[in-house]
Amino acid sequence: MLGKLCYFGQNIITEWRHYISVKERIAYSMNDFKTDIQYNIQLLKNQLRVDSNFDILYRNVIIGEHEAGFFFIDGFVQEDMIEKLIQFFYSLKKDDVQNLDTFLKVGMPYTEVEKSNDLEQVITAFLSGVSVMFIDGFDECILLDCRTYPMRSVTEPWKDRVLRGSRDGFVETLVSNAALLRRRIRDTKFSMKMYNVGRRSRSDVAICYIDDLVDKKLLNRITNIVTNLEVESLTMNLESLAECMFQHKWIDPFPKFKYSERPDTAAAAILDGNIVIMIDNSPAVMIVPTSIFDLVEEPDDYNFAPVIGTYLRLSRFIFTFVTMLLTPVWLLLIQNPHWIPQWLNFITVSDDITVPIIWQLLILELAVDGLKMAAVNTPTLLSTPLSIVAGIVVGEYAVSSGWFNTETLLYMAVVTVGTYSQASFEMGYAMKFIRVLTLCLTAIFNVYGFVIGIGIGLFSIIFNKTISGKSYIYPLVPFDANKLKRSIFRVRLPHSSNKQQ
């Protein structure tokens, strides 16, 4: 009996050794690098096409009687740091380079270091600016993250300006943007996970959230979309990522997400349980999920006392309705003058109408966008002359020539001001499309067209869904009194005070 047990035990040990041996052979066969440094260097040179890229640099040195090679990208590397590292490596002895683990422990003074035997991972890291180091006798390479990126200063964004509050803004460098968020959220539950998207661009995409506040179902969905995304490159950065991730009907003009270039806005959204998506080379971040109430909010609502913030928010809501309804309602009343009460007779057109009102309004809608594009593409030195010319042409000369009536210019000016009061460009254009559609339907079908146009606008909002599948008008539907109060009014921030008696 004892002999049978010993025989059975020997068989188990033999099978286990065979299993370990097979695993080791498989692991070895999966290594993309060899212990021959010349093979490794030539492999990476061929993959990177060093001869065809002037900014890819290679340096050969001797470290502890071992040949070593460095690959850098000129413009991404901190040259003074590399010089100090190489100078330190020259002082190493042969015993310091016995194996890779020993070298990393006693011979590597730098902190951001990683070893890898995956060629694809090494190439992706190198093209992101990480320096690559090979040492003869080791079948793994060392990744030195001593990169630096050309970047502008962290200044206030041109679009999301505030009257009071922080003056910093996101830039085109993902690491700097992550630091701006980390500076504001000092919570151990705060997470920022990095992914690579695009077969050619290999763009860095970061998903930021607080673990115990985020909607896990939405987080898993977004993570799965990002990790399984098949795209050649993210040409237009955040907009390209949005189009690839969230496929929705192109006919729906209302935005599904909110863009922001302000770190305080992004941090506030994360602390409210939302997800912020950042991408390298983009100064804006994407906030999901987003309802129509989130799009109307601005940082200045919280930078002043509650009563002032409430006034600003309510004014923005009023401008939103005025922007969508003013010109369609006026056109409807002009087409039906018998509906105008005596005390509103001043809204009628006083001068002769040479061009139909509907064509005046449509031409002005197009002219406003033309002036906007001209202002964006005009150099700063010529912006003042452009404003003067636009004021003369669209104002006095346009009226005296008979193309426009003064009332038309007045109401379109009010609509334009209301459009510019929106924090979201996408929301402003969504309202513009609904307004133009309502104008056209009103001009053709009179009151029935007006009702249809307003109905299309309301249905587009009411039956819309956010990325998470919730109603676009939450917390109105489903009704949440506390959330709705916070969405309409600027209430005091929730807090508690523990005072010793």
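**Exercise 1. Which residue lies over the face of Y39, and at what distance from the ring centre?**

Solution. The structure is a predicted model, and the residue to look for in it is K34, which lies over the face of Y39 at 4.5 Å from the ring centre.

**Exercise 2. Classify the aromatic pair F257 and Y259, and then the pair Y429 and F433.**

Solution. A pair of aromatic rings is described by the distance of the centres and the angle of the planes. A search of the whole structure gives 15 aromatic pairs. One of them joins F257 and Y259, whose centres are 5.4 Å apart and whose planes make an angle of 65°; because planes over 60 degrees apart count as edge-to-face, this pair is edge-to-face. As for accessibility, F257 is buried at 9%, whereas Y259 is partly exposed at 21%, since the cut-off for buried is under 20%.

For Y429 and F433, the centres lie 6.3 Å apart and the planes meet at 40°, so the pair is tilted. The two residues are four apart in helix α15 (residues 425–445), which means that about one helical turn separates them. Both are partly exposed, Y429 with a relative accessible area of 29% and F433 with one of 48%.

**Exercise 3. Decide whether T408 is buried or exposed, and list its contacts beyond its neighbours within four places in sequence.**

Solution. Begin by locating T408 in helix α14 (residues 406–420). Its relative accessibility is 0%, so T408 counts as buried. Once the neighbours within four places in sequence are left aside, T408 is in contact with W330, I357, Q360, L361 and L364.

**Exercise 4. Describe the cavities of 30 Å³ or more, with their volumes and linings.**

Solution. Rolling a probe the size of a water molecule over the atoms shows where empty space is left. The count comes to two cavities of 30 Å³ or more. The largest has a volume of about 80 Å³, and its lining includes E365, M412, T416 and K432. Two or more lining residues come from each of α12 (357–377), α14 and α15, with α14 giving the most, five residues. Sorted by class, this lining has four nonpolar, two polar and five charged residues.

The second largest cavity has a volume of about 50 Å³, and among the residues that line it are Y302, R313, F489 and P494. Its lining divides into five nonpolar, no polar and four charged residues.

Terms used. Residues numbered from 1 in each chain as written. Predicted model: local features only at pLDDT ≥ 70, side-chain atom pairs only at ≥ 80, totals over all residues. Heavy atoms only, no water. Phe/Tyr/Trp six-rings, centres within 6.5 Å; stacked < 30°, edge-to-face > 60°. Buried < 20%, exposed > 50% of the residue type's maximum accessible area, 1.4 Å probe, protein only. Lys NZ or Arg CZ within 6 Å of the ring centre and 35° of its normal. Contact = heavy atoms within 4.5 Å. 1 Å grid on protein atoms, 1.4 Å probe; cavity = no way out; pocket = protein on both sides within 12 Å on 5 of 7 lines; lining within 4 Å. Points joined across faces, edges and corners; volume = space filled by probe spheres on them. Nonpolar A, V, L, I, M, F, W, Y, C, P; charged D, E, K, R; others polar.
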